[in-house]
Amino acid sequence: MKKLSVVMLGILGVTGCMSLSNQVSQPSLDDASSFIQPSADFAGHWLTPQLILLPKRDTVTSTLLVGGDKPQSVSLKKVNLPIDIAKRFPHLSDFQGYSLSQPTQHIKQWLTQPLLIKQLDNQQQASFSRVQFGNLLDVLYTSGSQDANELTDLGSTTSNGKTQFKLWAPTAQQVSVLIYDKEQSGPAQQIKMHFDDQTGAWTFRDGKDLSGHYYQYQISVYHPASKKVETLTISDPYSLSLSANSKLSQVVALDSKRTKPKGWDDQQDVAIASPLDNIFYETHIRDFSASDNSLPQSQQGKYAAFSAKNSDGISHLKSLKQAGINTIHLLPAFDIGTVNEDKTTVLSLDSTMGQLCQLNTTLAQCNDTKFNQVSINEYLKKQSPLSENQQAVVSAMREFDDYNWGYDPYHYAVPEGSYAANPDGISRIKEFRHMVMSLHDLGFRVVMDVVYNHTHQAGLSKTAVLDKIVPNYYHRLDPITGKVAQSTCCDNTATERVMMEKLMVDSLVVWARDYKIDGFRFDLMAHQPKDAMLRARDAVWAVDSDNYFYGEGWNFGEVANNQRFVQASQLELGGTGIGTFTDRLRDAVRGGAFNATAQDIRKSQGIGSGLVTSPNELTQTPNHADYLQKMDQLRIGLAGNLRHFPLTNAQGEQVTGEEVPYGGQPTGYAETPSDTINYVSKHDNQTLWDNNQYRLPFAMSTTDRVRIHNQSLSYAVLAQGIPFIHMGSELLRSKSFLRDSYDYGDWFNSVDFTKQTNNYNVGLPPAEKDAANWALIKTLIAKNKGRDTPQAKDIAFADAVFKEFVKIRMTNPIFRLQSADEIINQVSFLNTGKEQQPGIIAMQLKAADTAQQSVVVVFNANETRQSLPFKNANNYKLHPVQSAGVDRALKQASAKHGKFTVPALSTVIFVKK
């Protein structure tokens, strides 16, 4: 057992603190053994050099033990909790404060050792708490003017022909850099790095230019996961280039010609006048082309697919651009920890069943060896549409294929290697840049999905990086147990920590400046502080002034209701211009209950899935109060989800958006339209097509199913705010009812840009996510009798109608009003209040200048033609795009005799003559 060193700390100016003397003593053997106490919690919080917090307990004495080579111990004394501390750390506001005896200049050294607090009660029974000190590290290393958060050269940098390595690791006992040659061959040259006590960074500056060389760090650090000093070999969290599978970091300068495709520096930015001119088209890099047989196999699922000239996917993107879609949103494309980048060792649908069965010997479908030489793709095609075989095989492939959505951060500032033809070194950089340049050349802006709320792993796990370097700093810990919070899915990061925020900001700047990314979508953004998001945007704006931020503002988990900081949540971000996805319009259209199963799904109809107007067998007696509330929620959504938008509600009362309820929250929360992202489908949960098939009545025709699908999309496209479109939703995209396809391969995630199929009913969805829904799915398929299976003509029709909606939005600025005042003054709703006609929302938009055209949009969710009285209807006509469009049913639409007449299940735009 190692010796323990005991130290004495002090507190200055804390309420209730009394001077302590003669408190230093040698710890007993019992104290020494306490460091391996399995029963110790992690409830000590060392927040400042002068203050430790612990849960309130009936204790007599409290002692701080600090491990190391010289055993000592420190007595603690209860003090009142300072008011400012209680406000800064609301989740610790009911803890007890403790002071330490004397100030000391050795505090930074103590934090490299194990820390433990021993408390005795009246019966001299001991309890033990380990210590969380992430905030103390911020106080010690980031509160000055020239310390860690001012560093601009973390990672590897080269200047004046000399390469420098710098790693922030203030609790490390020793750090070395391991330098390999350009071929990654060993042995590596190991060089000890120098520690700077002011910044907490370790540095080595070489006498020559090491560009192209690979490197790692070797760090010796006390790690609470193992309760001992570990010697760990790790990659650089500030890596700009990596070897395949991210084992080694590479020295690279992103302004070097070697990292740029031809024409990179000369490409033109795709400018927009306002964020409200965006229409986001959400694309997963692999989904975009993995099933595109017009491409060479080597380009399928790769960055290179976006640089093809006339592939099926690119042809579709060109048609979307012509309609008015202008921004491609890429699901995560930074380096992730869940996909094997060595293409020679991964499985694909082109692999044989025999290859899969060699890797997964327990798969029941492997018992029939006659399929050993058959490709997995062909095997799956041979199965019955309602077979369990597809999901079993796809699930068995998960560990061995090259598919994942990518919400598994490994390195934040390097492109993912599995999408590159060559994942080694600068090749992935050039391939990513070529993709971005090609999309810019097509006229698209490029947005990237980023994930700063969690990492793939923490502790001593394989793909953990940050937590190996500064243990328990970069991740958010439970205040009592010290376990890493996992409310997001994985190991939550603590962006309230200064250096985690810095990593977020610095990597965002890399993507904006060096990769020309035009905007960022933040996964689970409300798990991050509002102030951190605003600072990050300011930093990005310094290099790209029209960059746009948006993300998920969901309020949940250990940070919910601002209990750790003011969150970047829906209700807090209003007025900042950082957009949040609105679940208000989404749920009103789709129906809520996104986590429901079986019959509870079918009962949860929305305006766009038959509520009241097309009841199914379980909703013959609908909840009219719920229906009317959803109609008002949808109206507020169409008006940009504004807090102060005036509306006559279903009870005939004059209310504002924030007074229309949505669960226990207001429906309207936006202060400005750029706060709002409108959508009815995205990568999460069932696709719009699958969602509707769960809820629509059995007897509904294919034609009507397509029409109600198109209408659902029209709400998002024609609403004030910014539309967000899930790739393939315009093509009736299906994932065969799969709720969460994040790791379920190309089979369920396929998109057919030839418009021949929508991937519906290609096997029961994987049991892990949807086994509880199998019985319902089988019932739906049987009773729908093929009416839920669209043909090529249906897909082509849906695509064309969707593009008409987009064109109408983008050719009339009245659908993109720039302020709350404009929306309040120019947008209103007909058919509201107690006497409203069921199934009809009518939105009137009055032009304020000659650049705009006045319109009335009538959304008819009924299965029959409807007429809506309007005194000045004769002054309007069917929009020219629709009158010349593909929807023949709109020939029935008219504006005359003091009323608008619209066909069934139609969104009709009337424009003022």
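Guide: First a term: two strands pair if DSSP finds at least two bridges between them. Helices (H or I, at least four residues) and strands (E, at least two) are DSSP runs, numbered from the N terminus.

Visitor: What sort of model is this, and how are residues numbered?
Guide: This is a predicted model, with residues numbered from 1 along each chain as its sequence is written; local features need pLDDT of at least 70, side-chain atom pairs count only at pLDDT 80 or more, and totals for chains, interfaces and linings use all residues. Side-chain values use heavy atoms, with hydrogens and water left out.

Visitor: OK. What does Ser894 stand opposite?
Guide: Ser894 stands opposite Thr901 in β40. Strands β39 and β40 (residues 899–902) pair in the antiparallel sense over three bridges.

Visitor: Which sheet has β40 in its order?
Guide: An open sheet of three strands, in the order β37-β40-β39, with antiparallel pairing. The edge strands, each pairing on one side only, are β37 (866–869) and β39 (894–896). From one strand to the next the twist averages 15°.

Visitor: And the barrel, how many strands does it have?
Guide: The closed barrel has eight strands, running β18-β19-β22-β25-β26-β27-β32-β33 with parallel pairing. Its twist averages 30° from one strand to the next. As one of its pairings, strand β26 (residues 548–551) and strand β27 (residues 579–581) pair in the parallel sense over two bridges. There, Gly551 stands opposite Thr580 in β27.

Visitor: Which strands does β15 pair with?
Guide: Strand β11 (residues 172–179) pairs with β15 in the antiparallel sense over seven bridges, and Val175 stands opposite Ile219 in β15. Strand β17 (residues 249–250) and β15 pair in the antiparallel sense over two bridges, with Tyr215 opposite Ser249 in β17. Strand β16 (residues 228–234) and β15 also pair in the antiparallel sense, over seven bridges.

Visitor: How many residues lie between β15 and β16 in their hairpin?
Guide: Four residues lie between them, and Lys227 in the turn has a positive phi of about 60°.

Visitor: Now helices. Which residues of α4 are buried?
Guide: The buried residues are Gly134, Asn135, Leu136, Leu137, Asp138, Leu140, Tyr141 and Thr142. That is eight of the nine residues of helix α4 (residues 134–142), so α4 is largely enclosed by the rest of the structure.

Visitor: How do α15 and α17 cross?
Guide: The axes of helix α15 (residues 583–590) and helix α17 (residues 624–638) come within 8 Å and cross at roughly 135°. Axes are lines fitted to C-alpha atoms, for helices over the stretch in contact, and angles run from 0 to 180 degrees between N-to-C directions. The angle makes α15 oblique to α17. Angles under 35 degrees count as roughly parallel, over 145 as roughly antiparallel, 65 to 115 as roughly perpendicular and the rest as oblique.

Visitor: Let's do charges. How many salt bridges are there?
Guide: The count comes to 39 salt bridges, a salt bridge being a side-chain nitrogen of Lys or Arg within 4 Å of a carboxyl oxygen of Asp or Glu.

Visitor: What does Arg707 form a salt bridge with?
Guide: Arg707 forms a salt bridge with Asp887, their closest N and O atoms being 2.9 Å apart. This pair links distant parts of the chain, 180 residues apart: Arg707 is in helix α19 (residues 702–718), Asp887 in the loop between α25 (880–883) and β39. Both Arg707 and Asp887 are buried.

Visitor: And where are Asp506 and Lys502?
Guide: Asp506 and Lys502 are four residues apart in helix α12 (residues 498–514), separated by about one helical turn. They form a salt bridge, with the closest N and O atoms 3.1 Å apart.

Visitor: Is that pair buried or exposed?
Guide: Asp506 is partly exposed, at 23% relative accessibility, whereas Lys502 is buried, at 8%.

Methods
Buried < 20%, exposed > 50% of the residue type's maximum accessible area, 1.4 Å probe, protein only.
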